[in-house]
Amino acid sequence: MIKLGWGEFNKLKIKSDKYVNKTLSEATKHLNELLKGEKGRANFPTSVKNEELKLCKGKCRRCHKSLIPHAYQFHHRDFNHSNKRQNNCRAVCSDCHQQITYDKIKIS
Ligand SMILES: [Zn+2]
């Protein structure tokens, strides 16, 4: 059983409001999946992200197009979301991130 802080609880509650017509067990199952997602998508520290933005020179690490402000993402190179080290952080555009994650593509 995971304990929720108020912030997390309210975030999940807002998401859960669209499930009011579902049964309680369906809603609980969905909330647990959402929660796992939230936990799994743990972010890199700001210092790591800033360093990566310098290293990649503002270009996507996969397709090399210029990253659009606020539309790029930071990919966990080894797919391990608890590894927040610099060499595991790669700035990518959202299209590439989707493909990388879906097809489990390795990038350098
Ligand atoms: Zn890209």
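The model is predicted, so local features need pLDDT of at least 70 and side-chain atom pairs count only at pLDDT 80 or more, while totals for chains, interfaces and linings use all residues. Residues are numbered from 1 along each chain as its sequence is written.

Let's start with the overall layout. The protein has four helices and two strands, where helices (H or I, at least four residues) and strands (E, at least two) are DSSP runs numbered from the N terminus. Follow the sequence along and you get the pattern α-α-α-β-β-α.

How much of the protein is buried? Buried residues are 12% of the 108 residues. Buried means that 20 or more other C-beta atoms lie within 10 Å of a residue's own; exposed means 12 or fewer, partly exposed is in between, and C-beta atoms are placed from the backbone. As for contacts (C-beta atoms, placed from the backbone, within 7 Å), residues 24 or more positions apart account for 53% of those with a separation of 6 or more.

Now zoom in on helix 3. Of its ten residues, zero are buried, so helix 3 lies largely in the open. After helix 3 comes Lys-57, which has a positive phi, near 55 degrees.

Then we reach Gly-58, in the loop between helix 3 (46–55) and strand 1 (72–76). Why is Gly-58 called exposed? Because it has 12 other C-beta atoms within 10 Å. Leaving out residues up to four places away in sequence, Gly-58 touches Leu-53, Ser-66 and Leu-67. Ile-68 is ten residues along the chain from Gly-58, and their C-alpha atoms are separated by 8.6 Å.

How values were computed:
Two residues are in contact if their C-beta atoms, placed from the backbone, lie within 7 Å.
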